[in-house]
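Hi,

Here is the structure I promised to pass on. Have a look at it first, and then read my notes below.

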Amino acid sequence: MTRSRLFDLWSRWYLLIALLLLTRLLWLDASGLWLDELGSWSAATTTPWADLLRLLADPHAGYPLYHVLLRLWVSIVGDSAWAMRLPSALAGVAAALVLADAARQLGRSATACLLLFIAAPLPLWYADEVTSYSVVLLWGAIWVWALLRFLADDGRAGRVLLIAAPLGLLLHRLTVLVVIGGIVAILCCAPRLSRQARGVLAVALVGLLAGLTFILHGGYLPASALAAASVSAPQTLWLTLWSFSLNRGPDESLLALLIPLNLLALWGGASLISAARADRPARGMLIAAAITGGLLLAQLTWAGRYEPRYLIVLYPTWALIALPPARLPQYDRPAAMLLALAVAAQLSANLLPGGLWGALPVREQDREAMTALLHTIHPDDRLLFYPPYLDLAWRYYAPRIDPRTPHLPVAAVDGLPPAWPGQREFVMVAPFHASVAAAHDPHPPDLTDPPGTIPCGLQAFQGVQIRCRVAAMPRDLPVRPLVAIFGDWLALRSADLLVPPDGLRPGDTLPVRLDWETLRSARGEGQFVLRLSRIGADAPLLVDAASALGGSAPSQTWAPSWRFTDRRAITLATPSGQPLPVGTYRVTLAVSEGGQALDSHGPDSGQGAELTLGEISIGPGGFAPCLAGRPDGCGQIRIAGAQLFDRRGPWVAHGVQFFLPQDGINEHSFWDDRYAAALADGSLDLWLDRAALRLHTNLLRIFVELPSRVDGQTITPTSYATITDFAERAAARGMRLGLVLHNSADWRMTPKRQAWIEGLISSFLERGTLERIAYISTDNEINNHCLPARQYDCFAIDPAYRDQAIGWATNFYRIIKARSPQLLVTVGMATELDAVGQGGGAANYWLRDRRGRTLADVTDFLAPHNYAGRADAVLADIRAAGSSAPVVLEEYGFPTDPAPRNAAYTEGPPTCRQDPMRPECLQTAPYYVELNLRALGAGGYAGGVAWMLADTQEKDLPGACENPAFTFDPWTGLLAAGHVYCDGGTRTRAEGAPKATALRVCAYHTGSIDLCIADSLFARVP
């Protein structure tokens, strides 16, 4: 269309064009994105450019060019729903303008064309979507317009056809049908077409038909087409009639709306057939429409599936046919009346229930479902999806609705192990998509609530459901201390207000966790009421009222000794939805039974109908950012497939084992008195700085000794204050903790130990800093406690040992998960001990005890240890066992002394610092470390922990270099500790100086050896 013709259209029909824009822009983001749109967003924002371009030639890709164009668009204007839908809206308006000019070429009414497009349900629907179909509609309009111009002997339009044909094939594969129809029309009707041109077109026609046959025969139709309904050819015509007219399926109550537009189409079609005898463009368009329609019917017969939206390639031709002729004045009044009725029918179709502008929702309400979910979900909860790609809704909406959204364990329904005892699960299901996915899934998951779970509610939205269920708590866990008793039968064992580290703001969500136990049987509906009272104000604000577990159970009968954890997420807003004002609030809890409030009493609280849980402060300001240099505010470490992530995204463990050199390789560094001494002399901060600034670690793995009985007394060498202080110092330097809780080969889970473990978690929960703990390990190397040698794989060779070890790990796991299910748990495994089973030491994770339990059942990720450069083989063994769990190489490294006892215990020549794979570096410490680092860098691991930060001062003992019984561990540090070294082993000896192995670890952590070499400490080393 020329610029003058476009201006002419605008000047004559500017009001109609304004209405076209209004109907497409006014409600552009009234509904949320649904799954197909979210799929477009994901493809355009997460697919690498190289892959997007490669998809242009992939026959499996349905509309690759659209994703390329959307990627360009999003990079300029952003990825809000309104911004991403704008190209479709503008394409819809442009399609109407192009078809209006095409109608004028055919002798149709251009005004009628614009009037019909203002409220045409099908174009309106796709003008409001982040999908390719509105752009395909524009392409179809341009193709028909250019074809008519070319058949009218406008040679310039041939260039448009030459450009449009390949673009159409890249935009949507089924545009090949329109191109084939156009080529046939040109061969039949084009004037002055040379023999050479006819030959080229004939070859192109044969090639396109062959390609179409290949696509149909090879099953390369888009996957959604395979999921559509199977229909016959007559049904196809009937369904298409409804779709093109009203964008609905057959409905007897709407037959009256179907009549006007189709009478108009019959009238226009009859007049067009009559005109085709003398009008070459009209004849060619009818031929093209017949060929394209016939091929579509053939495709449907071949594929046996019907998808109405794929027929949008025919809509421009149908729209031109369904227009009254403009050159027959005697028909003006009837045509005007019929046109008015057709426009009214289209408006009615949009306004009635089920229409785009109707009062009822017509698209999937993923946005609304996510909003409701985020107002009820708790950081301890787990979120599951089916079908798996429904997680796109979480990925898109969760950070937009609440930038501090808890990063929950998120996966497909069948992608996670069973829930932890007491954990609440939200299962989000899109029923239609789920039925389609299940039909093509050889092993579809069972979406019913599994045994041992308690339903806790169902929220239904258009096209999506959210189901809640809770895994039953075990009865054999030791009893926790009492907070309060309501009545004489309901005991509150713990209550936590999980305030984020950066505080609360108006409109935030405050997670609350209440642990309960029934002391006797009772009957009646229990109602739990949480209230906020602004200190200094009179009236309390009702925040949350529901029965136990969010309305699930127990409902009528309460059994004795029944335990459950009630988790809530209360929005800091008034009942009308307005954010609470800044101030200090008291949070209280009341419980009623049968409408009567129960009095509460406890050891640390008075008696009354309401129990004070604590006070919170709501401060001003927006959402605090998740800073790259600190873990605070970045959420708990979570599992995503075989990797770990936090709020920033993927999180790879770049860790180091932290010991103070003066305290040796054990848990002594965190005994309270030794920790205090290291604080006082400055050595603690010195080595923390070395880990953060020289090795660029994000994880410090530490040993902490559990309480133990000594001479009839319980000794607790490490207090919570020591660990929380160390965690704060580490977090300030951008590092989290991996806690290895040492049991000294004592497998008894005593009440004192359990209470200490629960208290440790509570000490972080109370501060809102649990995210500073990356994970907890239930044992350092659970398979090597065979005294005295500790060189045999006890777990593999001794069933009695295995029973005790798995029992210990199981109890430990259940204690942590009952208290804080989001906290990751693992257990270390040596892979280089004698007498390991087939598959190496990693196979121990799947060995069963006499009760059928395995360590894999009670670990969130696997933590093998390896020093001899065999990390690749360890990972291969794990994957060969069928495990897809994340794997962290929790210990790797190699000693650099004493060389006289083992030639491999050396730093090697200076060249080994930068290239440990050189011949002169083989079988040196940097060489073995490099082998494992390369396995880590290959991407199959979720990270690793280097053993260890610095040498220990045990190496200074007399005879350390000569005594064969002296362990090599004191010289395994990445940094030198000064003092005594053996001759010929460690080249780097100044206190705090990085060895060759440190340079390799630094280069792995940073991805840049130049950055590490530029460091002043590294640069000073020979």
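**Loops, helices and a cavity**

H979 is found in the loop between β32 (943-946) and α30 (996-1006). Phi of H979 is near 70°, which is a positive value in a residue other than glycine. A quick word on the labels: helices (H or I, at least four residues) and strands (E, at least two) are DSSP runs, numbered from the N terminus.

Before you go further, note that this is a predicted model, where local features need pLDDT of at least 70, side-chain atom pairs count only at pLDDT 80 or more, and totals for chains, interfaces and linings use all residues. Residues are numbered from 1 along each chain as its sequence is written, and side-chain values use heavy atoms, with hydrogens and water left out.

Back to the loops. Q923 sits in the loop between β31 and α29, and Q923 has a positive phi of about 60° although it is not a glycine. P898 is in the loop between β31 (889-892) and α29 (925-937) too. The peptide bond joining D897 and P898 is cis, with omega about -5°. Another cis peptide bond joins Y386 and P387, with omega about -5°. You'll find P387 in the loop between β1 (382-386) and α19 (391-401).

Now for α19 and its neighbour. Helix α18 (residues 366-374) and α19 pack at an angle of about 55°, with their axes 10 Å apart. Axes here are lines fitted to C-alpha atoms, for helices over the stretch in contact, and angles run from 0 to 180 degrees between N-to-C directions. α18 and α19 are therefore oblique to each other. The cut-offs are: under 35 degrees is roughly parallel, over 145 roughly antiparallel, 65 to 115 roughly perpendicular, and the rest oblique. The crossing of α18 and α19 is right-handed; a crossing gets that name if the near helix is turned clockwise from the far one by less than a right angle, and left-handed if anticlockwise.

Which residues in α18 meet α19? They are D366, R367, M370, T371, L373 and L374, and they meet A393, W394, Y397, A398 and I401 in α19 (contact means heavy atoms within 4.5 Å). By class, this contact has eight nonpolar, one polar and two charged residues. Ala, Val, Leu, Ile, Met, Phe, Trp, Tyr, Cys and Pro count as nonpolar, Asp, Glu, Lys and Arg as charged, and the others, Gly among them, as polar.

Next, look at α9 (residues 156-171) and α10 (residues 175-189), whose axes come within 8 Å and cross at roughly 155°. That makes α9 roughly antiparallel to α10. α9 passes α10 in a left-handed crossing. On the α9 side L161, A165, G168 and L169 take part, and they meet T175, V176, V179 and I186 in α10. The residues of this contact divide into six nonpolar, two polar and no charged.

A search of the whole structure finds eight cavities of 30 Å³ or more. On a 1 Å grid over the protein atoms alone, a cavity is a set of points where a 1.4 Å probe fits but cannot get out, and lining residues have an atom within 4 Å of a point. Grid points are joined across faces, edges and corners, and a volume is the space filled by probe spheres set on the points.

The second largest cavity has a volume of about 90 Å³. Of the 13 residues that line it, the closest to its centre are W143, V144, V178, A288 and T317. Helices α8 (133-151), α10 and α15 (280-303) each supply at least two residues of that lining. By class, the lining has nine nonpolar, four polar and no charged residues.

Cheers

Conventions. On a 1 Å grid over the protein atoms alone, a cavity is a set of points where a 1.4 Å probe fits but cannot get out, and a pocket is an open set with protein on both sides within 12 Å along at least five of seven lines; lining residues have an atom within 4 Å of a point.
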